[in-house]
Amino acid sequence: MNSVLSTRAGVFAELARANVTREYPNVPVHLLGGPAELVPTRTYHPAFYGAYDWHSSVHMHWLLVRLLRCYREHLDSAAVTATLDAHLTPDALSTEADYLRAHPSFERPYGWAWLLALASESSALPSERWSAALRPAAETVADLTLTWLRKATYPVRHGTHANSAFALGLILDSAAGAGVPHLHEPVAAKIRDWYVPDYGAATRWEPSGQDFLSPLLSEADTVRRVLSAADFADWLTAFLPELDSPGGDFLPPPHISDPADPQIGHLFGLCLSRATALRNIAEALPDTDARARTLAAAAEANLEAALPATASGDFTTDHWLATFATRALDREAPTP
C-alpha cells in the first residue's frame, strides 16, 4: 500500500464522488441528428453523466472502485458504495451500452479503454454486482475495438485523448479482467505492427502545449507490454537513443503558465502520466540496465511537480487529475 496515496485516498474519493454526481458544467459530445436529440446529457448517459465529460466520469468511477478495493480503511466506504450502487446499475449501463453501439466512434479509443479498466477493476471485488452490470458495455466496447483495429491503418500519436498507444496499453491490461480476453492478441498484434518498427525518437518533440500524455513514453510503455525484457531493452535503445547519453535532465516537468486554463492545465496530467510510464518502463528493463535510474529520477521529478494540483479546488483540474495521480502513486495494486 502506497503511504502517500493512503493519506490522500479519502480526499480523492470525496473528490471523485462530487465529480461523478455533478451534472454541470458538462461538455456533451453528441452529434445532433435533429432538435429532438437536444436533451440533457443524463438522458443518454444515466451512469456517466457527471465529471464534465464522459471519459472523465468513467475514469472517476474507476478511481472510486480502485480506492474502495485497495484503500477502503482510508475513506468513507459506505458513501463510495452508495454512489457506485446508484450509477452502476444494470438499467443505466444497458443504456450506456446501447449508446455506444449506436455511436461507434464515440470516445474512441480513450473512453473505451477506461470503460474496460473500470470493468476489470470491478471484477476484482468480492461482489459481482457492478462487474455484472458493466458486462454488456464491456462486450460492446470489445466489439467496437475489434472493428476499429481492422480498419485502423495508422496510429494517432499526439498527446491527448485520441492517442492510440495509451488506449491500447490500457485495453491490453484490462481485457482479461473485463471479461473480454479475446481482445488481447489482436491488440498486441496491432501494437507490434504500429510501434515495434519505430526508432530515433527525440525528447525535443515534446511537449505540445495541451498534452496530458507523452507520445514517446506512451508508446514505450505500451511496447514493453508485448516484448521480453531483453528485446524491450534493445528496442528502447533504438527508439530513445538519448537515454544512453549521460548528463542533463530527462524529460523535466514542463512550465505550466496558467493552471486554470483547461488546455494548459493538461500539462499537470502530462507530468502524472509521464511518472507512471517512466516507472513502468524502468521496471521493464533488466536489473542491470543503468537507464532505469535515469527514468526513475525523471518519474519522481514529474510526480512532485504535479501532485499538489490534484485537489486544488479548481474544477478545471479537479475533475480528472486524481485518477492520474492514483495511477502514478499506486504501484502495489495493479489492475487485474
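These questions and answers walk through a predicted model, from helix packing to loops and backbone geometry.

Local features need pLDDT of at least 70 and side-chain atom pairs count only at pLDDT 80 or more, while totals for chains, interfaces and linings use all residues. Residues are numbered from 1 along each chain as its sequence is written, and side-chain values use heavy atoms, with hydrogens and water left out.

Q: At what angle do helix H10 and helix H11 pack?
A: Helices (H or I, at least four residues) are DSSP runs, numbered from the N terminus. H10 covers residues 215-223 and H11 covers residues 229-239. Axes are lines fitted to C-alpha atoms, for helices over the stretch in contact, and angles run from 0 to 180 degrees between N-to-C directions. The axes lie 10 Å apart, and the angle is about 160°.

Q: Are H10 and H11 roughly parallel or roughly antiparallel?
A: Angles under 35 degrees count as roughly parallel, over 145 as roughly antiparallel, 65 to 115 as roughly perpendicular and the rest as oblique. The H10 and H11 angle is about 160°. The two helices are therefore roughly antiparallel.

Q: Is the crossing of H10 and H11 left-handed or right-handed?
A: A crossing is left-handed if the near helix is turned anticlockwise from the far one by less than a right angle, and right-handed if clockwise. For H10 and H11 the crossing is right-handed.

Q: Which residues make the contact of H10 with H11, and how many of them are charged?
A: Contact means heavy atoms within 4.5 Å. H10 supplies Leu-216, Glu-219, Ala-220 and Val-223, and H11 supplies Phe-232, Trp-235, Leu-236 and Phe-239. Ala, Val, Leu, Ile, Met, Phe, Trp, Tyr, Cys and Pro count as nonpolar, Asp, Glu, Lys and Arg as charged, and the others, Gly among them, as polar. The contact has seven nonpolar residues, no polar ones and, as for charged, one.

Q: Is the crossing of H6 and H7 left-handed or right-handed?
A: H6 (residues 110-123) and H7 (residues 129-151) pack at about 145°, with axes 9 Å apart. Their crossing is left-handed.

Q: How many nonpolar residues are in the contact of H6 with H7?
A: The H6 side includes Trp-112, Leu-115 and Ala-119, and the H7 side includes Trp-130, Leu-134 and Trp-148. By class, four residues are polar, none is charged, and the nonpolar count is 12.

Q: How many disulfides does a search of the whole structure find?
A: A disulfide is a pair of cysteine sulfur atoms within 2.5 Å. Buried means under 20% relative accessible area, exposed over 50%, partly exposed in between (1.4 Å probe, protein chains only). Cys-70 is buried at 15%, and Cys-271 is buried at 0%. The disulfide search finds zero.

Q: Which residues is Asn-26 in contact with, leaving aside its neighbours within four places in sequence?
A: Asn-26 sits in the loop between H1 (3-20) and H2 (41-44). Its relative accessible area is 17%, so it is buried. Its C-alpha is 4.4 Å from that of Tyr-52, 26 residues away along the chain. The contacts are Thr-41, Tyr-49 and Tyr-52.

Q: What is omega for the cis peptide bond that joins Tyr-24 and Pro-25?
A: Pro-25 lies in the loop between H1 and H2. The bond from Tyr-24 is cis, with omega about 5°.

Q: What is omega for the peptide bond from Arg-108 to Pro-109?
A: Pro-109 falls in the loop between H5 (90-102) and H6. The bond is cis, and omega is near -5°.

Q: What is phi of Glu-107?
A: Glu-107 is in the loop between H5 and H6. It is buried, at 14% relative accessibility. It is not a glycine, yet phi is positive, about 60°.

Q: What is phi of Leu-251?
A: Leu-251 lies in the loop between H11 and H12 (266-284). Its relative accessible area is 5%, so it is buried. Phi is positive in this residue other than glycine, near 45°.

Q: How many residues of H15 are buried?
A: H15 spans residues 321-329 and is mostly covered. Its buried residues include Phe-324 and Arg-327.

Q: Is Thr-153 buried or exposed?
A: Thr-153 is found in the loop between H7 and H8 (164-174). Its relative accessible area is 52%, so Thr-153 is exposed.
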